[in-house]
Amino acid sequence: MSALLSEGSVLRSQLPGADFVHACQAAAPRNGRSALQAYRDMAATVPGWFDGLMALRNRGMRLLGMKDLGSLRVVQQTADPQPGQRLGIFTLQALDKDAIVLEDNDRHLRVQLALQWHGDMLEVATVVHTHNAFGRLYMLPVAPVHRWIAPHLLSKQVRGYQ
């Protein structure tokens, strides 16, 4: 697993000016799974303790003017989601059978997450653009946690695909 976006990443065009970039890849039998299914499967692997941390984050950040994102594990089971629709803590930006691009954008930062199939390789990529000093401060503890949890979730997810 690496921290660099693949050459074919759907988020590659978002790299200019990014304040945080992370990607991890893992071999996984695709078996016809769509990118949307991969996102739902990843959300289902989020451990309860991490969702508890998200609940604490939501309470604390609400006091500082950031929105309550909700739970990472809760992803609506909409049959045919459309861009602009919420799917869990993110808003759907783009979707095809190979890639899903999700986003959360507020006055402090813009986070983009993509799950993308490259044959039997699943990539999870994140690009963050901070809008102000608070966004940069917010990312100080979030970046190392993200670098740990994203590969952990991906690894857990693909073990379930074996």
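This is a predicted model: local features need pLDDT of at least 70, side-chain atom pairs count only at pLDDT 80 or more; totals for chains, interfaces and linings use all residues.
A charge is said to sit over a ring if NZ of Lys or CZ of Arg is within 6 Å of the ring centre and within 35 degrees of the ring normal. Arg-33 lies over the face of Tyr-161, at 3.5 Å from the ring centre.

The overall fold comes next. The protein holds three helices and six strands. Along the sequence, these elements follow the pattern β-α-α-β-β-β-β-β-α. Of the 162 residues, 49% count as buried. Among contacts between residues at least 6 apart in sequence, 59% join residues at least 24 apart.

The six strands form an open sheet. Their order is β1-β6-β5-β4-β3-β2, and the pairing is antiparallel. Strands β1 (20–27) and β2 (86–87) stand at the edges. Each has a single partner strand, so one side of each is left without a neighbour in the sheet. Strands of a sheet pair through backbone hydrogen bonds, either parallel or antiparallel.

The pairings can be followed across the sheet. Eight bridges join β1 to β6, and the two run antiparallel. In this pairing, Ala-27 stands opposite Met-121 of β6. Strands β5 and β6 pair in the antiparallel sense over ten bridges. Here Val-111 has Val-128 in β6 as its bridge partner. Strands β5 and β6 also form a hairpin, with two residues between them. Gly-119 in the turn has a positive phi of about 65 degrees. Further along, β3 (residues 90–95) and β4 (residues 99–105) pair in the antiparallel sense over four bridges. Leu-92 stands opposite Leu-102 in β4.

Helices pack on this sheet. Helix α1 (residues 35–44) touches β2, β3, β4, β5 (109–118) and β6 (121–130). The direction of α1 makes about 115 degrees with that of β5. Helix α3 (residues 133–161) lies across β1, β5 and β6. Helix α3 runs at about 10 degrees to β1.

Burial is marked in two of these elements. Helix α1 is mostly covered, with eight of its ten residues buried. Among the buried residues of α1 are Tyr-39, Arg-40, Asp-41 and Met-42. The cover over the buried residues of α1 includes β2, β3, β4, β5, β6 and α3. Strand β6 is also mostly covered, and nine of its ten residues are buried.

In soluble globular proteins, nonpolar side chains tend to be buried together. The largest nonpolar core in this model has 33 residues. Those with the most contacts inside this core are Tyr-39, Ile-100, Leu-102, Leu-115 and Leu-154. Elements β1, α1, β3, β4, β5, β6 and α3 each supply at least two residues of this core. Helix α3 gives the most, with nine residues. A second, separate core has seven residues, including Leu-11, Val-101, Ala-114 and Ala-125.

A pair of aromatic rings is described by the distance of the centres and the angle of the planes. The count in this model comes to one aromatic pair. Trp-117 lies in strand β5 and Tyr-161 in helix α3. The pair therefore ties together parts that are 44 residues apart in sequence. Both Trp-117 and Tyr-161 are buried.

The C-alpha atoms of Gln-25 and Ser-155 are separated by 9.0 Å. The two residues are 130 residues apart along the chain. Gln-25 has 16% relative accessibility, so this residue counts as buried.

Asn-31 belongs to the loop between β1 and α1. Asn-31 is exposed, with a relative accessible area of 63%. Most residues other than glycine have a negative phi. Phi of Asn-31, however, is near 45 degrees, a positive value in a residue other than glycine.

Methods:
Residues are numbered from 1 along each chain as its sequence is written. Side-chain values use heavy atoms; hydrogens and water are left out. Two strands pair if DSSP finds at least two bridges between them. Contact means heavy atoms within 4.5 Å. Axes are lines fitted to C-alpha atoms, for helices over the stretch in contact, and angles run from 0 to 180 degrees between N-to-C directions. Rings of Phe, Tyr and Trp (its six-membered ring) pair if their centres lie within 6.5 Å; planes under 30 degrees apart count as stacked, over 60 as edge-to-face and the rest as tilted. Buried means under 20% relative accessible area, exposed over 50%, partly exposed in between (1.4 Å probe, protein chains only). A nonpolar core is a set of buried Ala, Val, Leu, Ile, Met, Phe, Trp, Tyr and Cys residues joined through side-chain atoms within 4.5 Å.
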